[in-house]
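Student: I would like to learn how to read a structure of this kind, feature by feature. Could you give me the general idea each time, and then the case in hand?

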Amino acid sequence: MRAVYSCGLEATFDVIGGKWKCLILWRLHPDARRFGELKRLVTGITEKMLIQQLREMEADGLVRRQAYPEIPPRVEYSLTPMGISLKELLGPLCEWGSKYIEQMGREHLCQDPEAQTQCVPG
């Protein structure tokens with residue numbers, strides 16, 4: 001059952017709500033990614049949470065899941081055109097967050113070198 005929204009912003013936050021979906025979207029473009037690669041790129045996410053978030057994003061029309069009939073099985077995830085359009089909105093949010101970290105001080109900066117690249121395009 002689809003939700004009823006009073007405005008577009010409400011729908012947007014419903015689709016990307018939570019900690020992980022924006023980070024997954026960021027890492028899925030421009031290339032398709034395999035599950036294990038996404039797990040490594042999205043620092044701190046559990047396997048269970050990644051599976052759940054990918055399923056929700058697929059149901060919302062943001063992510064495409066492509067299974068290849070190979071041995072061993074290979075599955076790749078990529079963004080749909082709707083997912084790409086949403087991902088493009090994340091760039092300005094990332095820039096704002098970087099400025100916020102700079103202004104508020106280094107105590108807000110993650111010490112994990114891989115996590116610091118979360119906002120690097122690509």
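Tutor: Let us begin with the salt bridge, which is counted here when a side-chain nitrogen of Lys or Arg lies within 4 Å of a carboxyl oxygen of Asp or Glu. Before applying it, note that this is a predicted model, in which local features need pLDDT of at least 70 and side-chain atom pairs count only at pLDDT 80 or more, whereas totals for chains, interfaces and linings use all residues. Residues are numbered from 1 along each chain as its sequence is written, and side-chain values use heavy atoms, with hydrogens and water left out.

Student: How many salt bridges does a search of the whole structure find, and what does K21 form a salt bridge with?

Tutor: In general, side chains of opposite charge can pair when their charged atoms come close. The search of the whole structure finds four salt bridges, and in one of them K21 pairs with E56, with 2.7 Å between the closest N and O atoms. Because K21 lies in helix 2 (residues 21-27) and E56 in helix 4 (residues 47-59), this pair ties together parts that are 35 residues apart in sequence. Helices here are DSSP runs of H or I with at least four residues, strands are runs of E with at least two, and both are numbered from the N terminus.

Student: Which residues do salt bridges that share partners join into one network?

Tutor: The side chains of E70 and R74 meet in a salt bridge with an N to O distance of 3.0 Å, and E70 is partly exposed, at 36% relative accessible area. Through shared partners, salt bridges join E70, R74 and E76 into one network.

Student: What should I look for in strand pairing, and which residue does R33 stand opposite?

Tutor: Two strands are said to pair if DSSP finds at least two bridges between them. Strand 1 (residues 33-34) runs antiparallel to strand 3 (residues 74-79) and is joined to it by two bridges, with R33 standing opposite Y77 of strand 3. Strand 2 (residues 63-68) also pairs with strand 3 in the antiparallel sense, over six bridges, and R65 stands opposite Y77 in that pairing. A hairpin of five residues leads from strand 2 to strand 3.

Student: How do the helices and strands follow one another along the sequence?

Tutor: The chain has five helices and three strands, and along the sequence they follow the pattern α-α-β-α-α-β-β-α. Of the 122 residues in the chain, 28% are buried.

Student: Which residues make the nonpolar surface patch?

Tutor: Patches are made of residues with over 30% relative accessible area and no salt bridge, like charges being joined within 9 Å and nonpolar side chains (Val, Leu, Ile, Met, Phe, Trp, Tyr) within 5 Å. The areas themselves come from the Shrake-Rupley method with a 1.4 Å probe, and for residues only the protein chains shown count as cover. In this model W96, Y100 and M104 make a nonpolar patch of about 330 Å². M104 has its place in helix 5 (residues 81-104) and is partly exposed, at 37%.

Methods. Buried < 20%, exposed > 50% of the residue type's maximum accessible area, 1.4 Å probe, protein only.
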